Amino acid sequence: MPGPDDQRLGEIEYHLHREDPRFADALEAGRPRRPREYHPPRAWLLLATALAVLGSGLFLAHGLLIATGLVMAGIAAELLDPHRRSRPTHHPPPRSWPR
């Protein structure tokens, strides 16, 4: 007789397969691979580019290059965050103040 643990494991399996099907298939086959969020090559490339732009902006004393490098580094840092998908994406509605 299936219990609540079996139901919970089924839910976890469903969500895992929905989020990263290649990881779930590899895990099921007995050849686990790292999840998608642990190897973001584009984010590392963006971070390297951002640091190059920032360094050249500092070397040339050019404010626009410095600002561009900082913005690109911030975007890369956000992409490299492994928990960014688990955070809520919506904000609560603003409170209405009594008049």
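The model examined here is predicted. In this model, the axes of helix α1 (residues 4–19) and helix α2 (residues 21–29) cross at roughly 125° and come within 5 Å. Helices α1 and α2 are therefore oblique to each other. On the α1 side, the contact is made by Leu16, His17, Arg18 and Glu19, which meet Pro21, Phe23, Ala24, Asp25 and Leu27 of α2. Sorted by class, this contact of α1 with α2 contains five nonpolar, one polar and three charged residues.

A second pair is formed by helix α3 (residues 41–60) and helix α4 (residues 63–80), whose axes come within 8 Å and cross at roughly 160°. This angle is over 145 degrees, which makes α3 roughly antiparallel to α4. The crossing of α3 and α4 is left-handed. Residues of α3 in the contact include Ala43, Trp44, Leu46, Leu47, Val53 and Leu60, while those of α4 include Leu65, Ile66, Gly69, Met72, Ile75 and Leu80. By class, the contact of α3 with α4 has 18 nonpolar and five polar residues, and no charged residues.

Alanine 67 is also located in helix α4. With a relative accessible area of 36%, alanine 67 is partly exposed.

Definitions and conventions. Residues are numbered from 1 along each chain as its sequence is written. This is a predicted model: local features need pLDDT of at least 70, side-chain atom pairs count only at pLDDT 80 or more; totals for chains, interfaces and linings use all residues. Side-chain values use heavy atoms; hydrogens and water are left out. Axes are lines fitted to C-alpha atoms, for helices over the stretch in contact, and angles run from 0 to 180 degrees between N-to-C directions. Helices (H or I, at least four residues) and strands (E, at least two) are DSSP runs, numbered from the N terminus. Angles under 35 degrees count as roughly parallel, over 145 as roughly antiparallel, 65 to 115 as roughly perpendicular and the rest as oblique. Contact means heavy atoms within 4.5 Å. Ala, Val, Leu, Ile, Met, Phe, Trp, Tyr, Cys and Pro count as nonpolar, Asp, Glu, Lys and Arg as charged, and the others, Gly among them, as polar. A crossing is left-handed if the near helix is turned anticlockwise from the far one by less than a right angle, and right-handed if clockwise. Buried means under 20% relative accessible area, exposed over 50%, partly exposed in between (1.4 Å probe, protein chains only).
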